[in-house]
Amino acid sequence: MSVPTSDPSNAGLRLLHVHAHPDDESSKGAATTLKYVHEGVRVMVATCTGGERGSVLNPAMDRPEVWDHMPEIRRSEMAHAREILGVEQRSLGYIDSGLPEGDPPDPLPPGSFATLDPEVAAAPLVKTIREFKPQVMTTYDENGGYPHPDHIQCHRVSVAAFRQAADPEVLPEYGEPWQVSKLYYQMSFHRLRYAALDAAMHERGMDSPYSERLAEWENRDYEQRITTRVPCGDFFARRDDALRAHESQIDPHGFWFAVPLDIQRKVWPTEDFQLVYSRVPTFVPENDLFDGLRPGTKAPDPSDTWII
């Protein structure tokens, strides 16, 4: 595998991903995570909930004993994925809200994550930020990436914690304030990427799992928010291993693995992000979440970029 070796100059770099449920860390940005871990960056995953109300999406795991022990199974799966990814992980301890069904949708369970005041619910993430001291943090956009109530709440809690962690007047018992230098939103689920993969599969004479989804995709401008594309195709296979570790949630024969890796690496070898805050000068488009933070890095020619 043609990947760079660990660079001692990366030893002081720290990246924090904030996710709603176990398995999100493996389905969103996992190849980027693997790339940075391989290069010597410390990466932590903060998981907001235990995924207790997740559905069993793998037919082979749809058994009574799985449903009866869902919290324990989700913890075990997360531990397996954590080992594959090589990350540190902090569980924030909130209860999964579930995905409401019905029309109108069922009310959220009282006390579940999405029902809480995000300014208050941010506290354990503030503690995590101050202890881990990441220069870079990622989370979901204001729509949660997709409109699951826990994903939307994850965004709200992340933004609140990002702000509170830097404020010495807030939660002083959780340590010295820490200002995260760069904040990103995960942006890999956009139409342009899936359309490119769909077209490549049809060109090879293969059925695509995305045709119906693309026909119903309403937001065709989402990808315009992308500022940063991290090249990480060499890590796609191990990314898939981490995702398969969540075997109650992931069908190993499902659409997640329908596109051959060689097509993915050729057509879309990056994972994509939107830079929404930077306290260091950086130029976009970027190809590194740590642009502007690495010592001795030379900025690109500003004539063909724009600065934040």
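Student: How many salt bridges does the structure hold?
Tutor: Let's start with the ground rules: this is a predicted model, where local features need pLDDT of at least 70, side-chain atom pairs count only at pLDDT 80 or more, and totals for chains, interfaces and linings use all residues. Residues are numbered from 1 along each chain as its sequence is written, and side-chain values use heavy atoms, with hydrogens and water left out. A salt bridge is a side-chain nitrogen of Lys or Arg within 4 Å of a carboxyl oxygen of Asp or Glu. By that rule, the number of salt bridges in the structure is 17.

Student: Is Glu 131 buried or partly exposed?
Tutor: Buried means under 20% relative accessible area, exposed over 50%, and partly exposed in between, using a 1.4 Å probe and protein chains only. Lys 127 has a relative accessible area of 32% and is partly exposed. Glu 131 has 41% relative accessibility, so its class is partly exposed.

Student: Which residue meets Glu 286 in a salt bridge?
Tutor: Glu 286 counts as buried, at 4% relative accessibility. The N to O distance in this salt bridge is 2.8 Å, and the residue that Glu 286 meets is Lys 182.

Student: How many residues apart in sequence are the parts that this pair ties together?
Tutor: Lys 182 is buried, with a relative accessible area of 0%. Glu 286 lies in the loop between strand S8 (283-284) and strand S9 (306-307), while Lys 182 is in strand S5 (residues 182-186), so the parts tied together are apart in sequence by 104 residues.

Student: What is the volume of the largest pocket?
Tutor: On a 1 Å grid over the protein atoms alone, a pocket is an open set of points with protein on both sides within 12 Å along at least five of seven lines, a cavity is a set where a 1.4 Å probe fits but cannot get out, and lining residues have an atom within 4 Å of a point. Points are joined across faces, edges and corners, and a volume is the space filled by probe spheres set on them. For the largest pocket, that gives about 1300 Å³.

Student: Which residues that line the largest pocket are the closest to its centre?
Tutor: The lining has 41 residues. By class, 15 are nonpolar (Ala, Val, Leu, Ile, Met, Phe, Trp, Tyr, Cys and Pro), 12 are charged (Asp, Glu, Lys and Arg) and 14 are polar (the others, Gly among them). The closest to the centre are Leu 99, Tyr 146, Pro 147, His 148 and His 151.

Student: Which helix supplies the largest share of the lining of the largest cavity?
Tutor: The largest cavity has a volume of about 280 Å³. Its lining has 22 residues, and those closest to the centre include Phe 189 and Trp 256. Helix H1 (24-27), helix H8 (191-203), helix H10 (236-244) and S7 each supply at least two lining residues. The largest share, four residues, comes from H10.
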